[in-house]
Amino acid sequence: MSRPSTISRLTLHGEKFEIIVAPDPALNFKLTGKGDVRKILLVDEVYSDSKKGLRVPSEKLRKFFGTTDVYVIAEKILKEGDLQLTGEQRRRMIESKRQQIVAMLSKLLLEPSSGNPIPSLRIEQSLSQTSVSIDPFKPPEEQVKNVVKALRQVLQFKVNEVVLTLTCAQTLSNDVYGFVNAVGEVDQTRVQRDKSVKITVRVPSVIMSYFLENLGKKYGDQVKVDIGV
């Protein structure tokens, strides 16, 4: 009986590099960065098309990776490339991510009349009525906005949000706007006399820590944060 296998693929400057790997060890490595590449790699070759058995020449490997060491190359492909999930892996990951998102929404979505949190079961039932897609790899915090948008079509609720004012240089404002808009809502932008820009935003309360942590990682002290307008 042949061992289960899947493909990890990295595209560099239009060139495809594929390796054949063991599904679960490869997924664990992708998610945690831990594992023995020698045990993950099922065939000690790098392909341009693994289905056709087309191997990448050594000179091309050296050109794109600076080495012909298949294990060094495989590690880079696993870390930076796309892993083709098996059907069962995808199902498990999507369900796990879905449960994480529902748990977050149960703290975020409030009954319009009473202001009480909407129960998880009701959120789950409503979510099943939407066509929103759950990304198995994307952090749940980055999927909340799209899920909330989809739920508005089938469920009435208020969102527990935090209002922040971000201040940054005008040259940085478009980039910051895009960063915020991926997870929250931008209410207003105002150019100040000193040419800095104040951006008033609303961020779901359950992702505040995640938002501020990633804002700091990306911009450092280039963006000042104040709670409220």
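How many salt bridges does the count come to? In this predicted model, the count comes to 15 salt bridges, and a few of them can be followed residue by residue.

One lies within helix 5 (residues 87-108), where Glu-88 and Arg-92 are 4 residues apart and therefore separated by about one helical turn. Their closest N and O atoms are 3.9 Å apart; Glu-88 is partly exposed at 40% relative accessibility, and Arg-92 is likewise partly exposed at 36%. Through salt bridges that share partners, Glu-88 and Arg-92 are joined with Asp-24 and Arg-91 into one network.

Arg-98 and Glu-124 meet in a salt bridge of 3.9 Å, N to O, which connects helix 5 with helix 6 (residues 120-127) across 26 residues. Arg-98 counts as buried, at 19% relative accessibility, whereas Glu-124, at 23%, counts as partly exposed. Helix 6 also holds Arg-122, whose partner Glu-111 sits 11 residues away in the loop between strand 6 (109-110) and helix 6; here the closest N and O atoms are 2.5 Å apart. In this pair Glu-111 is the buried residue, at 18%, while Arg-122 is partly exposed at 32%.

Helix 7 (144-151) and strand 10 (196-204) each supply at least two residues of its lining, and the largest share, 4 residues, comes from helix 7. The lining includes Lys-145, Arg-152, Glu-161 and Arg-202 as well as Val-159 and Pro-204, and its residues divide into 6 charged, 4 nonpolar and 2 polar.

Terms used. Residues numbered from 1 in each chain as written. Predicted model: local features only at pLDDT ≥ 70, side-chain atom pairs only at ≥ 80, totals over all residues. Heavy atoms only, no water. 1 Å grid on protein atoms, 1.4 Å probe; cavity = no way out; pocket = protein on both sides within 12 Å on 5 of 7 lines; lining within 4 Å. Nonpolar A, V, L, I, M, F, W, Y, C, P; charged D, E, K, R; others polar. Salt bridge = Lys/Arg side-chain N within 4 Å of Asp/Glu carboxyl O. Buried < 20%, exposed > 50% of the residue type's maximum accessible area, 1.4 Å probe, protein only.
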